[in-house]
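Biologist: I would like to learn how to read packing features from a structure. Can we work through one together?

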Amino acid sequence: MQGTALTLTGRLSAQTILPWILHRGQLLDLQGWVKRKDEGTLFIVLAGPDALIDAMEAACSLGPAEAMVETIARAPYTFNGQPGRFTAL
């Protein structure tokens, strides 16, 4: 299954942005996951309608008040199997 990967960089406190992203992904009924790569980088893999993935990207660019998203890189992603409910790894 084809999906979309978003890589976010910036001032990204895992304590605030991970729950925030998880909540938005679930509100938009997306499938996939979010994972913290390091202190300033998050990797998000999404499956769902293009308009909802675009909405998630827009929401991430604004982020919670405690975070400063500096860049978002978007790329295609191929799932091995069917992605499940949006979750944090």
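Modeller: Start with what covers helix H2. This is a predicted model. Contact here means heavy atoms within 4.5 Å. The cover over the buried residues of H2 includes strand S1 (2-11), helix H1 (14-27), S3 and S4.

Biologist: Which residues of H2 are buried?

Modeller: Buried means under 20% relative accessible area. In H2, that holds for Ile53, Met56, Ala59 and Cys60. They span an arc of only 120° around the axis, so they sit on the same side of H2.

Biologist: What does the face turned away from the buried side of H2 carry?

Modeller: Exposed residues: Asp50, Ala51 and Leu62.

Biologist: How many residues does H2 have, and what span is expected?

Modeller: H2 covers residues 50-62, which is 13 residues. From first C-alpha to last, H2 reaches 19 Å. That is close to the 18 Å expected at 1.5 Å a residue.

Biologist: What follows H2?

Modeller: Gly63 does, and its phi is positive, near 60°.

Biologist: Now the rings. How many aromatic pairs does a search of the whole structure find?

Modeller: First the idea. A ring pair is described by the distance of the centres and the angle of the planes. Here the search of the whole structure gives 4 aromatic pairs. One of them joins Phe43 and Tyr77, with 6.4 Å centre to centre and 65° between the planes. Planes over 60 degrees apart count as edge-to-face, and the Phe43 and Tyr77 pair is of that kind.

Biologist: Why does the pair of Phe43 and Tyr77 tie together parts that are apart in sequence?

Modeller: Look at the strands. Phe43 belongs to S3 (residues 41-47) and Tyr77 to S4 (residues 68-78), so the pair links parts 34 residues apart in sequence.

Biologist: Is Phe43 buried or exposed?

Modeller: Phe43 is buried, at 18% relative accessible area. Tyr77, at 25% relative accessibility, counts as partly exposed.

Biologist: What is the geometry of the rings of Tyr77 and Phe79?

Modeller: Their centres are 5.1 Å apart and their planes are at 75°, so this pair is edge-to-face. Phe79 is buried, with a relative accessible area of 9%.

Biologist: Which residues form the aromatic cluster?

Modeller: Trp33, Phe43, Tyr77 and Phe79 form one cluster.

Biologist: Which residue lies over the face of Phe43?

Modeller: Lys37 does, at 5.6 Å from the ring centre.

Notes:
Residues numbered from 1 in each chain as written. Predicted model: local features only at pLDDT ≥ 70, side-chain atom pairs only at ≥ 80, totals over all residues. Heavy atoms only, no water. Phe/Tyr/Trp six-rings, centres within 6.5 Å; stacked < 30°, edge-to-face > 60°. Helix = DSSP H or I, 4+ residues; strand = E, 2+ residues; numbered from the N terminus. Buried < 20%, exposed > 50% of the residue type's maximum accessible area, 1.4 Å probe, protein only. Lys NZ or Arg CZ within 6 Å of the ring centre and 35° of its normal. Expected span 1.5 Å × (residues − 1). Arc of directions from axis to C-beta.
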